[in-house]
Amino acid sequence: IETELIASTHNEEQIRDFLAQLTPSELDIAAERAFVALEEGDEPLAERVWRSVLEQDPTHELAGTGLAGLLLERSDTEGALDVLSRLAPTEAVRQLQAAARLSTAGDPQALALAAESGDPVAVLEHGKALAAAGAFEQAFESLIDLVSRRVEDTSDAARMVVLDLFELLGPEHPLTATYRRRLANALF
């Protein structure tokens with residue numbers, strides 16, 4: 001009889017745990033409401049709510065990605081990366097991290113002339129700026145060419161930017177598949 005009691009209690013606990021996972025927590029509901037506030041134009045309220053949720057649970061993905069996205073819109077790359085560093089590395093988190101790292105680039109037109117000189121640092125900065133501006137194909141071309149040159153610091157930095165682009169675009173994007181092969185060829 002005791003064995004049956006223990007088994008039924010164990011099953012009840014499992015059922016309660018399972019149901020708890022299906023039901024949004026108070027923090028989940030608050031984080032969702034912050035998105036509604038943001039959509040309604042109340043950015044300060046959304047930020048306060050997300051920060052409050054993160055004070056209670058620094059690893060709360062919904063609040064963390066919401067706040068990081070808001071910080072990126074304000075060009076607070078460091079703040080966004082700090083928030084994201086505490087979250088589990090889900091696809092959404094990795095994409096925001098990649099976007100944050102790419103957002104630090106300058107103006108692609110201003111850097112184009114310097115890149116034409118062939119200086120590896122200028123080419124790298126121009127490639128990053130192209131990526132940040134959404135000119136992904138041009139960025140891939142420039143950066144993978146730089147990787148294939150095998151210039152010490154800049155080749156590895158270019159490879160890292162290309163990897164950020166893959167993360168930003170996602171594995172299903174056609175440019176990811178095309179340029180992943182090109183990167184592999186450039187490396188080997």
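This is a predicted model: local features need pLDDT of at least 70, side-chain atom pairs count only at pLDDT 80 or more; totals for chains, interfaces and linings use all residues.

Q: How are two packed helices described?
A: Two packed helices are described by the angle between their axes and the distance between the axes. Now take the case here. Helix α4 covers residues 61-73, and helix α5 covers residues 77-85. They pack at an angle of about 170 degrees. Their axes are 8 Å apart.

Q: Is α4 roughly parallel or roughly antiparallel to α5?
A: An angle over 145 degrees counts as roughly antiparallel. Therefore α4 is roughly antiparallel to α5.

Q: Which residues make the contact between α4 and α5?
A: From α4 come G64, L67, A68, L71 and L72. From α5 come T77, G79, A80, V83 and L84. Sort the residues of this contact by type, and you get seven nonpolar, three polar and no charged.

Q: What lies in the loop between α4 and α5?
A: S75 has its place there. Look at its backbone: phi of S75 is near 65 degrees. That is a positive value in a residue other than glycine.

Q: Is S75 buried or exposed?
A: Read the relative accessibility. Over 50% counts as exposed. S75 has 62%, so S75 is exposed.

Q: How many aromatic pairs does the structure hold?
A: It holds three. One of them joins F35 and W50, whose ring centres are 4.9 Å apart. Next, check the planes. They stand at 65 degrees, so this pair is edge-to-face.

Q: Where do F35 and W50 lie?
A: F35 is in helix α2 (residues 26-39), and W50 is in helix α3 (residues 43-56). The pair therefore ties together parts that are 15 residues apart in sequence. F35, at 26%, counts as partly exposed. W50, at 0%, counts as buried.

Q: Which residues form one aromatic cluster?
A: F140, F166 and Y179 do. The charged end of R180 sits over the ring of F166, 4.4 Å from the ring's centre.

Q: Is T154 buried or exposed?
A: Under 20% relative accessibility counts as buried. T154 is at 8%, so T154 is buried. Find T154 in helix α10, which spans residues 152-169.

Methods. Residues are numbered from 1 along each chain as its sequence is written. Side-chain values use heavy atoms; hydrogens and water are left out. Helices (H or I, at least four residues) and strands (E, at least two) are DSSP runs, numbered from the N terminus. Buried means under 20% relative accessible area, exposed over 50%, partly exposed in between (1.4 Å probe, protein chains only). Rings of Phe, Tyr and Trp (its six-membered ring) pair if their centres lie within 6.5 Å; planes under 30 degrees apart count as stacked, over 60 as edge-to-face and the rest as tilted. A charge sits over a ring if NZ of Lys or CZ of Arg is within 6 Å of the ring centre and within 35 degrees of the ring normal. Axes are lines fitted to C-alpha atoms, for helices over the stretch in contact, and angles run from 0 to 180 degrees between N-to-C directions. Angles under 35 degrees count as roughly parallel, over 145 as roughly antiparallel, 65 to 115 as roughly perpendicular and the rest as oblique. Contact means heavy atoms within 4.5 Å. Ala, Val, Leu, Ile, Met, Phe, Trp, Tyr, Cys and Pro count as nonpolar, Asp, Glu, Lys and Arg as charged, and the others, Gly among them, as polar.
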